[in-house]
Amino acid sequence: MNTKIQKTSPALFHHFRDVLSTQEILSALSREHCNFIQKVVYFDETDSTNTRAKQAAAQKPQELLDGTLFVADKQTAGKGRLGRSFDSPSGLGIFMTLVLKPVISPSKASMMTLIAGMAVCRMFQEFYAFDTHIKWPNDIVANGKKVCGILTEMSATPDCLHYIAIGIGINVNNSSFPKELSSVATSVFLETGKMEQRSLMIASVLKYFKYYYDIFLQTMDLSVLKQEYNSLMINTNKNVLVIHGNESFEAVAKYIDDDGELIVEQNGSLRKVMSGEVSVRGVYGYV
Ligand code: BTN
């Protein structure tokens with residue numbers, strides 16, 4: 001018998017519709033043993049999962065559990081860092097916010113962005129054996145383009161953290177992007193040719209997040225994780241432009257330290273860059 005293995009026609013992908021629901025997400029989480037997630041709040045459409053998390057905290061702070069996960073199929077006002085927006089169309093991406101309430105100093109909250117970045121890279125490795133890199137502090141990059149962005153927000157008094165909201169946006173099944181984004185954005189589908197069930201990716205990211213988060217909680221810094229982070233960082237030894245408001249300077253990015261700050265070299269001396277309101281990009285472009 002002459003059996004020929006048929007290649008899946010690209011046309012078939014147009015019929016792939018990945019439907020998200022609370023049930024889908026819960027069963028993927030239980031498959032990955034993500035039992036630190038205490039509650040899933042799913043929206044077919046919402047403004048922004050980070051905004052939903054913050055609103056839940058403002059309305060009923062006691063009821064917002066450590067380990068609450070907000071997920072949306074579509075966001076109408078997806079937020080990026082530094083007041084930017086995050087394109088969040090229905091059916092194509094992962095838009096989720098993990099709320100945590102650790103007893104840590106508010107100054108450590110920004111480290112969650114770096115931990116989440118490592119978790120996303122590990123998920124890509126597991127699903128696709130596909131190497132991605134981190135553009136410090138919050139972008140995950142595939143072939144020089146952004147495939148994921150992370151926005152960590154928190155509520156705190158100077159010495160007491162109320163909660164951290166870690167917002168993760170991943171471009172998964174997009175086959176194209178709006179014109180203004182197409183030179184800087186990519187998706188898992190564009191890079192691998194594979195459509196993916198988002199609930200499985202969500203559970204995998206959270207599994208790895210928990211792994212790194214537990215290590216962080218033991219040391220309360222990134223001392224154990226920084227070597228791995230540095231090996232994933234795309235900026236290493238690149239000329240970068242560090243932009244803070246109206247000011248900017250050029251330097252060579254070197255590595256992150258125990259606190260997740262970026263160490264850059266400028267005119268032969270080392271200088272620390274804190275993630276706060278800073279944007280770091282390649283001197284000649286995005287990376
Ligand atoms: C960035 O690229 O600057 C960060 C993008 C973060 C996007 C995610 S999508 C889920 C969560 N909700 C938001 O409004 N933003 C984050």
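Contact means heavy atoms within 4.5 Å of each other, and helices (H or I, at least four residues) and strands (E, at least two) are DSSP runs numbered from the N terminus. The model you are working with is predicted, so local features need pLDDT of at least 70 and side-chain atom pairs count only at pLDDT 80 or more, while totals for chains, interfaces and linings use all residues. Residues are numbered from 1 along each chain as its sequence is written, and side-chain values use heavy atoms, with hydrogens and water left out.

**Exercise 1. Work out which residues of helix H2 are buried, and what covers them.**

Step 1: Sort by exposure. Buried means under 20% relative accessible area, exposed over 50%, and partly exposed in between (1.4 Å probe, protein chains only). In H2 (residues 22-31), the buried residues include Ile25, Ala28 and Leu29.

Step 2: Look down the axis. These residues cover an arc of only 100°, which puts them on the same side of H2; the arc is that of the directions from the helix axis to the C-beta atoms. An α-helix has 3.6 residues a turn, so residues three or four places apart point the same way.

Step 3: Turn to the other side, where Gln23, Ser30 and Arg31 are exposed.

Step 4: Find the cover. Strand S1 (39-46), strand S2 (68-75) and helix H6 (198-219) are among what covers the buried residues of H2.

Step 5: His33 follows H2 and has a positive phi, near 55°.

**Exercise 2. Describe the surroundings of Asn235.**

Step 1: Asn235 is in the loop between helix H7 (226-232) and strand S8 (239-244).

Step 2: List its contacts. Neighbours within four places in sequence aside, Asn235 contacts Ile134, Lys135, Trp136, Val240, Ala253 and Val280.

Step 3: Look at Trp136 again. Its backbone nitrogen is 2.9 Å from a polar atom of the Asn235 side chain.

**Exercise 3. Trace the pairing from strand S5 through S6 to S7.**

Step 1: Start with S5 (residues 139-142) and S6 (residues 145-157), which run antiparallel and are joined by four bridges. Two strands pair if DSSP finds at least two bridges between them. Asp139 has Gly149 in S6 opposite it.

Step 2: Inspect the turn. S5 and S6 make a hairpin with two residues between them, and Asn143 in this turn has a positive phi of about 45°.

Step 3: Continue to S7 (residues 160-171), which pairs with S6 over ten bridges in the antiparallel sense. Met154 has Ile164 in S7 as its bridge partner. This hairpin, too, joins its strands through two residues.

**Exercise 4. Give the strand order and edges of the five-stranded open sheet.**

Step 1: Read the order, S11-S10-S9-S8-S12, with antiparallel pairing.

Step 2: Strand S11 (269-273) and strand S12 (278-282) each pair on one side only.

Step 3: Zoom in on S10 (residues 262-266), which pairs with S11 over five antiparallel bridges. Ile263 stands opposite Lys272 in S11.

**Exercise 5. Identify the residues with the most contacts inside the largest nonpolar core.**

Step 1: Apply the criterion: a nonpolar core is a set of buried Ala, Val, Leu, Ile, Met, Phe, Trp, Tyr and Cys residues joined through side-chain atoms within 4.5 Å.

Step 2: Name the residues. The largest core has 71 residues, and Leu69, Phe124, Ile166, Ile168, Ile170, Leu206 and Phe209 have the most contacts inside it.

Step 3: Find the main contributor. Helix H4 (residues 111-128) gives the most, with twelve residues.

How values were computed: Polar contact = N/O pair within 3.5 Å; in protein donor to acceptor, adjacent residues only side chain to side chain.
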